[in-house]
Amino acid sequence: ECVSGCVCPDGLFDDGRGGCVEKKDCPCFHNNQWYSSGQKIKVDCNTCTCQKGFWSCTADVCYGTCTIYGSGHYITFDGKFYDFDGSCEYVATQDFCGDKNTSGSFSIITENVPCGTTGVTCSKAIKIFLGKTELKLEDKDYKEIQRDVGDDVRYGNRTVGLYLVIEASNGVMLIWDKKTTVFIKLTPDYKGKLCGLCGNFDDKSNNDFTTRSGVQETNVLTFGNSWKQSSMCPDVTQEIKPCEMKPHRESWAKKECSIIKSDVFKICHSKVDPNPFYEACVHDACSCDSGGDCECFCSAVAAYAQECTKAEACVFWRTPDICPIFCDYYN
């Protein structure tokens, strides 16, 4: 039985866009977009080239990034997204792991304090231990403390736009927005050698909840509590839901945070899932009820914009009304 329709002549192939091409000109598909043969895209630190309908990618090993932002949101080196609200000092990441005889080269500690009356916490200060040097980032500034033990690890600091960047000779880089957002970037040499709230950087996210004693956990509270620096701090026993505690703020929070799911970020939706960032934004907008609510909202949207930029989807979302930045001042 005949079926009406269009087919390509022998030797030619459907290009997915209503045309017929030779095999060597077949396009490639990525993130809901078609790319012609020979076109290149960046995926993390690698370049992929479309060849005869398939992607051919370089195999460079990329920097790992752990993100801590807003009121207790973590994205591990392996991409696991979770929330943990503890009021204490916690190990964000370090290479002092497992074997007691091995010496590590660095440790990064985050100090969390309540930000609002609902009990959620934000990162207030960051301590970086690099050999015998301790750096403390707090109150939009940083200070250096020299200790008696440890190796000499050289480091430099510079200001880039809104961020303070600390870069050390041992492959550790920390980018801080001088508020509640921290990006920790590490060279591939540290793959599988890390522990802390940022996970172990082994390209598998299902084992990131490894406690201080080396046990794999499924409960985020047990995992998070194991990395506190002082036994004097109370354990976190329940997940805080600020919108349930402050229901009058919930509709405002959802309205403000809807920008993440709106057409403003449309170019990014297929590349980075907006849902966890939207949920985190609503959580933060409900919780920051003692001033600074705009800062909490802006940090939450900026975190999604940052992930979009990493995925090569540049979004210009700031306006004079929404989280403006006075560039002339920072220049």
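Axes here are lines fitted to C-alpha atoms, for helices over the stretch in contact. All views come from a predicted model.

**View 1. Helix 3 packs against helix 5.** The axes of helix 3 (residues 247-257) and helix 5 (residues 275-287) sit 8 Å apart, at an angle of about 135°. That makes helix 3 oblique to helix 5. Helix 3 goes past helix 5 in a right-handed crossing. On the helix 3 side, the contact uses R249, E250, W252, A253, K254 and C257, and helix 5 brings Y278, C281, V282, A285 and C286. By type, that contact splits into eight nonpolar, three charged and no polar residues.

**View 2. C243 and C286 form a disulfide.** The two sulfur atoms are 2.1 Å apart, and with 95° about the S-S bond the link is right-handed. C243 belongs to helix 2 and C286 to helix 5, so the pair ties together parts 43 residues apart in sequence. Both C243 and C286 are buried.

**View 3. A disulfide joins C88 to C233.** The S to S distance is 2.1 Å. The torsion about the S-S bond is about 75°, so this one is right-handed. It links distant parts of the chain, 145 residues apart: C88 is in the loop between strand 10 (81-83) and strand 11 (89-94), and C233 in the loop between helix 1 (220-226) and helix 2 (242-245). C88 is buried at 5% relative accessibility, and C233 is buried at 16%.

**View 4. C45 is bonded to C62 in a disulfide.** With -85° about the S-S bond, this link is left-handed. C45 is partly exposed at 29% relative accessibility, while C62 is buried at 12%.

Note on methods: Residues are numbered from 1 along each chain as its sequence is written. This is a predicted model: local features need pLDDT of at least 70, side-chain atom pairs count only at pLDDT 80 or more; totals for chains, interfaces and linings use all residues. Side-chain values use heavy atoms; hydrogens and water are left out. Axes are lines fitted to C-alpha atoms, for helices over the stretch in contact, and angles run from 0 to 180 degrees between N-to-C directions. Helices (H or I, at least four residues) and strands (E, at least two) are DSSP runs, numbered from the N terminus. Angles under 35 degrees count as roughly parallel, over 145 as roughly antiparallel, 65 to 115 as roughly perpendicular and the rest as oblique. A crossing is left-handed if the near helix is turned anticlockwise from the far one by less than a right angle, and right-handed if clockwise. Contact means heavy atoms within 4.5 Å. Ala, Val, Leu, Ile, Met, Phe, Trp, Tyr, Cys and Pro count as nonpolar, Asp, Glu, Lys and Arg as charged, and the others, Gly among them, as polar. A disulfide is a pair of cysteine sulfur atoms within 2.5 Å. Buried means under 20% relative accessible area, exposed over 50%, partly exposed in between (1.4 Å probe, protein chains only).
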